[in-house]
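I opened this structure for a first look. These are my notes, in the order I made them.

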Amino acid sequence: MMKLIGLSVLLLVGCGGNTAPKSANGLIPIRLQADWYPQPEQGGFFTALAKGYYQAAGLDVTIFPLGQYSSALKVVSSGGAEFGLASSDQILEAVANGLPVLAVGATMQHDPQAIMLHKESPVKDFAGLEGKSIAAQPGSTWFKYIVSKYKLKDVRETPATHSIANFLADPNYIQQIFITSEPFFVKNAGKEYRTMLISESGYDPYRLFFVHKEYMEKHPEATEKFVKASIQGWEEYLRDPEPANALISKMNPAQNAAQIQFTLQALKDGNFLSGSGKMTAERWTALNEQLVSLGVVRKRIDPATAYTTRFLP
């Protein structure tokens, strides 16, 4: 069942034990809170919708888009959805702050966030950002990491505008981007650019999906079904992206065919979509230590309490 907006009316069937309540259609309703509007970066979930993997698993999944000033972590932790999309650094910070969430699988092994510069910019590496201004999401942890690692004394963070207008107008402009998105518009505007992936600095969180911890504890079978169907969707998306892309375009008309193709190719070129949900203790531990050293996580936690691999293939 392909839905993006709306709630299912619950029919309390088999409420005892670990059986999740079913809706009137006999399927278990699950809400997935996305991290943005429908786009190829969420393609695996849309594949699972479009190809019926969720329905075959007995699930009635609804994907909710996320506005610019909202947070999937807040929505899920407050009970507004069972699952959500985030990154592993966000999960660690959330768990340290007491939010009842748990990562269940990686959608991207590496984060596609990057810095975009003009081709002729004198900045050739992260150390070269000394004395520059960067338009970034206020409070970005990756920004703190780069300042700390490269001992930058005079680098200024200005608020990101979610637009390329300033970049096109100012040859000295440097901004935070997703390598799968903004370069498409810059290229179409006829400008040459360069990018530096944040992951190349050594700060490399997963992009992932997570669950409300109480839901997982009460309904492990439904959680497992959702995780497995989602991973099946991601694996199939690389082989046959068209059904998901058609659904994405339908639900988000701002995503035209050329942009979708650009994003998909960028995801393939960067080898972001690999691993079938894989997450390792080593990477979670290393990231947690980075967050502690930066002071982002003030209450030290066991990173193993922020994720589980029990539902992965």
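I began with the contact between helix 5 and helix 12. On the helix 5 side I found Thr141, Lys144, Tyr145 and Ser148. They meet Gln290, Leu291 and Leu294 of helix 12. I sorted the residues of this contact by class and got 3 nonpolar, 3 polar and 1 charged. The model is a predicted one, and I read it as such.

Next I looked up the axes. Helix 5 covers residues 141-149 and helix 12 covers residues 281-294. Their axes come within 10 Å and cross at roughly 75 degrees. Angles of 65 to 115 degrees count as roughly perpendicular, so helix 5 is roughly perpendicular to helix 12.

I then turned to helix 4, residues 88-96, and its meeting with helix 12. The two axes come within 10 Å and cross at roughly 65 degrees. Helix 4 brings Ser88, Asp89, Ile91 and Leu92 to the contact. Helix 12 answers with Trp284, Leu287, Asn288 and Leu291. By class I noted 5 nonpolar, 2 polar and 1 charged residues in the contact of helix 4 with helix 12. The crossing of helix 4 with helix 12 is right-handed.

Which residues have the most contacts inside the largest nonpolar core? I listed Ile91, Ile115, Leu129, Phe226 and Trp284. The core has 93 residues. Helix 9, residues 220-239, gives the most to this core, with 7 residues.

I moved on to helix 1, residues 43-50. How many of its 8 residues are buried? I found 7, and helix 1 is mostly covered. The buried ones are Gly43, Gly44, Phe45, Phe46, Thr47, Ala48 and Leu49. After helix 1 comes Gly52, with a positive phi near 80 degrees.

My last stop was Gln33, in strand 3, residues 28-33. Is Gln33 buried or exposed? Its relative accessible area is 6%. Buried means under 20%, so Gln33 is buried. I also checked what Gln33 touches, not counting residues up to four places away in sequence. I wrote down Phe64, Pro65, Leu66, Ala72, Val75, Val76, Ala81, Phe83, Gly84 and Leu85.

Terms used
Residues numbered from 1 in each chain as written. Predicted model: local features only at pLDDT ≥ 70, side-chain atom pairs only at ≥ 80, totals over all residues. Heavy atoms only, no water. Axes fitted to C-alpha atoms, helices over the stretch in contact; angles between N-to-C directions. Helix = DSSP H or I, 4+ residues; strand = E, 2+ residues; numbered from the N terminus. Parallel < 35°, antiparallel > 145°, perpendicular 65-115°, else oblique. Contact = heavy atoms within 4.5 Å. Nonpolar A, V, L, I, M, F, W, Y, C, P; charged D, E, K, R; others polar. Core = buried A, V, L, I, M, F, W, Y, C linked by side-chain atoms within 4.5 Å. Buried < 20%, exposed > 50% of the residue type's maximum accessible area, 1.4 Å probe, protein only. Left-handed = near helix turned anticlockwise from the far one by under 90°.
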